[in-house]
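Hi everyone, thanks for coming.

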Amino acid sequence: MASVEFQNVSKTFGSFTAVPDISFSIADGEFVCLLGPSGCGKTTSLRMIAGLETPSGGKVLIGGKDVTYLHPKDRQISMVFQDYALYPHMNLADNIAYPLKVRGEAEDKRHARAKEVADVLKIGDLMKRLPSQISGGQQQRTSLARALVYPSQVYLFDEPLSNLDAKLRLEARGFLNHLQRDMGMTAVYVTHDQAEAMALATRIAVMDKGRIVQFAPPIEIYRRPATTFVANFVGNPPMNLVPVEAMVDGGQLRLRADGLTLTGLPLSDDIAKAAAKGKMTLGVRPEHLRMAEAGDANTITGKLFANENMGPESLVTMERADGGRVTARIFTDDEIRTDDHVTLAFDTRHVTLFDDTGARIPEIGE
Amino acid sequence: MKKFSLLSTRAGAVFLAPAAALVGVFVIIPFFWVIVVSFTNRTLLGRTAVDPDFVGLQNYFTLFNPATFFTRGQFGFSLILTVQFVIFSALIGQALLGLILAWLSQSVSPTLKNFLQTAVIAAWILPEVVIGFAWFAFLDYDNGTLNMIMRSLGLPPGDWLLQQPFWVIVIFNTWRGAAFSMMLFNSAFQSIPPSYFQAADVAGASSWQKLRDIALPLIRGHVVTDLILITMWTFNVFTPFLLTNGGPSYRTELLSIYTYRVAFKDFEFGRGAAVGVVIMLINLAFALIYLQIAKKKKAEAE
């Protein structure tokens, strides 16, 4: 296992800049997810760690060693591909043992090792099958087994679960999490699925347009999203974002928008400075909204858009006058009865404020 | 389900008729005519031109006469020469060179790859007469490019067409035909998902290991197709005639050239037709063998 470091790495394809300039470092034993929408440069970054793309500038270090121009085969890395990249003409044993074959291991030895890994992944009894004769979940585990069969410094995952159906994906995700706890491997995992990133990562790098917007542990990303982009990307459903007018009134912050009033928020220098510009974005997680009761002061009102019962919780979505939607996640066993209009109440301890550029305003005492 | 048709069957037949007549007159009838002629002693001149005799397998016996079989200028000599020609220029030359070029071009820059492809394909698309002259000029003793290069390197010049006629036509045919194999293998390699090779790269495989373990097994069908086609083309190729005229002293007289000489220079149509039939049977055998291999490989894969 080893650390991974990017120093001012950039990558351009012709006139297209995939990654303008990123730097980060991943410590030994960390499981880092690169999370972002498609085209954000996350896969390109991963492929530069693997050596499948050569950076246009900057340095890539694995275990402190400069590997920027090293061929993938000389990097001691493992990689799991989105399409699994299993060889259709080889049975599972040969597929899994292939990295050992190219290292010159004898056939019985490498098959024994392949079986060992396959048993851990519960595909040990399929070793004579061809990839076309097993299910998608088993194919996924086979490609994982091939990555695990030899010692590696870094394990790279390129959206390995995106071709699985929802149930298998949950299962595979749990297994990967278990494996990470078991092995303590250094891993870089590319995904566009925020739930996967939240579940697996020790740290998440949220990427947008080739830049890392925030690089923090999942809980930090969830609780303190650095920008409205992160807030909107992480969480299911994501954080509600409402553009508001801000003013300072008697030492307290007051926010206003169509159908929304929020008063009595404590003030800090940062907040006052942002409020002076008049515009802010109010962020609130769906679970921090509840159905308003008579007498609630801080509320938001709109037309009912959807009322989805998910089992343990209900998702109540309203549409406000400006067309923006706000969703509340309400944990209740009762069916929620709503009429045409919905009023939701804020818990003022759990609101996040973003300034007019979309950057989060630090909380008081932070 | 109602069958959709643009024309009635009768109208279709009318449109088909001219082409069918041409194919019949110039392909199907001659095919059987050659077989018939091969059992006669038909010639261009003399009594047998007008009234050939049916001689049974006489022509075939002459071809396979053990006393003269291996003599230069006889059928057996040409047959063996042609087999050698196929092995060296098609199987080793074109297929292997094409494979190596195609494999190497997978990992070079697109600019270099385009240049390489253009150069190789140019050799393939030029008219045969043009390249015949080009090679003649290239190999000329006094003013040929090759001898100029040899001289400037301080090496003795050679009269290549006289000294090494067989190897000249082998290299010529390799040069001429490698483009086809290269293009076929190129597109075959490109049909393999890139992630297969990337996974092998990450796993630590060398270029040779990737070719042996991944690329070749996956393009086996293309390889078989390529071998069938170039073997048959090379077996029937006539272009070396432009360079050597089959000589000197029959040393480059491939079967196709031999047939041409017997039938159209010696005007022994009967014997020429017999050679044609034998060539056809050999081609048929090749095709069957290769198809058998292809079928077996496919069955193994499934």
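I'll start with chain A as a whole, then look at a pair of helices in it, then go over to chain B. Before anything else, please keep in mind that this is a predicted model.

Okay, chain A. What is it built from? It has 9 helices and 20 strands. If you draw a box around its C-alpha atoms along the principal axes, you get roughly 80 × 50 × 35 Å. There are 366 residues in this chain, and 42% of them are buried. How about the contacts inside it? Take the ones between residues at least 6 apart in sequence: 65% of those join residues at least 24 apart.

Now zoom in on two helices of chain A. When two helices pack, we describe them by the angle between their axes and the distance between those axes. Here the pair is H2, residues 92-102, and H4, residues 136-148, and they pack at an angle of about 30 degrees with axes 7 Å apart. Is that crossing left-handed or right-handed? For H2(A) and H4(A), it's right-handed. If you want to find the contact on screen, H2(A) brings A:Leu92, A:Asn95, A:Ile96, A:Tyr98 and A:Pro99, while H4(A) brings A:Thr142, A:Ala145 and A:Arg146. Sort those by class and you get 5 nonpolar, 2 polar and 1 charged.

The contact uses 16 residues of chain A and 15 of chain B. On the chain B side, helix H10 (194-203) and helix H11 (207-218) each put in at least two residues. Which one gives the most? That's H10(B), with 7 residues. As for what this side of chain B is made of, we have 10 nonpolar residues, 4 polar and 1 charged.

H9(B) runs over residues 165-190, so to speak a 26-residue helix, and spans 38 Å from its first C-alpha to its last, close to the 38 Å expected at 1.5 Å a residue. Where does H9(B) bend? Look at B:Gly177, where the bend is about 40 degrees.

Last one: H14(B), residues 255-264. This helix is mostly covered, with 8 of its 10 residues buried. Among them are B:Leu255, B:Ile257, B:Tyr258 and B:Val262, and B:Arg261 is on the buried list too.

That's my tour, and I'm happy to go back to any of it.

Notes
Residues are numbered from 1 along each chain as its sequence is written. Chains are lettered from A and ligands numbered from 1 in the order in which they are written. This is a predicted model: local features need pLDDT of at least 70, side-chain atom pairs count only at pLDDT 80 or more; totals for chains, interfaces and linings use all residues. Axes are lines fitted to C-alpha atoms, for helices over the stretch in contact, and angles run from 0 to 180 degrees between N-to-C directions. Helices (H or I, at least four residues) and strands (E, at least two) are DSSP runs, numbered from the N terminus. A crossing is left-handed if the near helix is turned anticlockwise from the far one by less than a right angle, and right-handed if clockwise. Two residues are in contact if their C-beta atoms, placed from the backbone, lie within 7 Å. Ala, Val, Leu, Ile, Met, Phe, Trp, Tyr, Cys and Pro count as nonpolar, Asp, Glu, Lys and Arg as charged, and the others, Gly among them, as polar. A residue is buried if 20 or more other C-beta atoms lie within 10 Å of its own, exposed if 12 or fewer, and partly exposed in between; C-beta atoms are placed from the backbone. The expected span of a helix is 1.5 Å times one less than its number of residues. The bend at a residue is the angle between axes fitted to the seven residues ending there and the seven starting there.
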